[in-house]
Amino acid sequence: MKKSKSILILVMSMILVFSISGMGTSSKASAATARTPVVFVHGLTGSDSNFAAIKSYLRSQGWSNDELFAIDLPSKQGNQTLNSAAIARFVDNVLLETGHSKVHIVAHSMGGANSLYYILNRGGASKVDKLVTLGGANRLTTTSAPKGIEVTSIYSTSDTIVSPVLSRLDGANNIPISLVSHIGLLFNSRVNALIKTALNE
């Protein structure tokens, strides 16, 4: 009798534990962030801190900290294989953390090429909703926007580091601006407004 009672108590305890843990899971799943998370991908010799100004602007426009994520790529020289693998892992972690099934990517310079490589070769096509590139070296990876993804390529005709020819993609929303340097694309109010529009459309 004592043994049966002990087993009953043990079973009831396990049911209680699983119930509590299940409640935690469902509340986490229902707590997906309001907006699709944004992943920022830097260029050659850059870092995740490159997007501080853009992140600050988006926060002022209603995005929250838990919707904005910047990756620090392992290859500062833009190695496509290494960086696309890192982006794949990073995006999967962001999706797990935010409860969403897709992300938006905002990429600068070689980050555009690396992001496109991830989309085309590392399973990113099913996990990216929108791609916004800033002076992206996009044509180092492809000449056309990936199907099923809204691509906006913002570039400056004054860019002396990445030629506008490299940034433009067939099938993308190509937006030329002027009088902004390559690095200046990360700190420009006009560019910020274009990013916001691209993410909201």
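**View 1. Threonine 33 and the residues around it.** Leaving aside its neighbours within four places in sequence, threonine 33 is in contact (heavy atoms within 4.5 Å) with Asp66, Glu67, Thr98 and His100. This is a predicted model, where local features need pLDDT of at least 70, side-chain atom pairs count only at pLDDT 80 or more, and totals for chains, interfaces and linings use all residues. Residues are numbered from 1 along each chain as its sequence is written, and side-chain values use heavy atoms, with hydrogens and water left out.

**View 2. Where threonine 33 sits.** Look for threonine 33 in the loop between helix H1 (2-29) and strand E1 (38-41); helices (H or I, at least four residues) and strands (E, at least two) are DSSP runs, numbered from the N terminus. Threonine 33 counts as buried because its relative accessibility is 11%, and buried means under 20% relative accessible area (1.4 Å probe, protein chains only). Its side chain also reaches the backbone oxygen of arginine 35, at 2.9 Å.

**View 3. The open sheet.** Six strands line up in the order E2-E1-E3-E4-E5-E6, with parallel pairing; two strands pair if DSSP finds at least two bridges between them. At the edges you'll find strand E2 (68-71) and strand E6 (173-177), each pairing on one side only.

**View 4. Zooming in on E3 and E4.** Strand E3 (residues 103-108) and strand E4 (residues 128-134) run parallel and are joined by six bridges. Pick out alanine 107 and you'll see that its bridge partner in E4 is threonine 133. Helix H4 (residues 110-121) packs on the sheet, where it touches E1, E3 and E4.

Technical notes
Buried means under 20% relative accessible area, exposed over 50%, partly exposed in between (1.4 Å probe, protein chains only). A polar contact is a pair of N or O atoms within 3.5 Å; within protein, one must be able to donate a hydrogen and the other to accept it, and residues adjacent in sequence count only if both atoms are side-chain atoms. Axes are lines fitted to C-alpha atoms, for helices over the stretch in contact, and angles run from 0 to 180 degrees between N-to-C directions.
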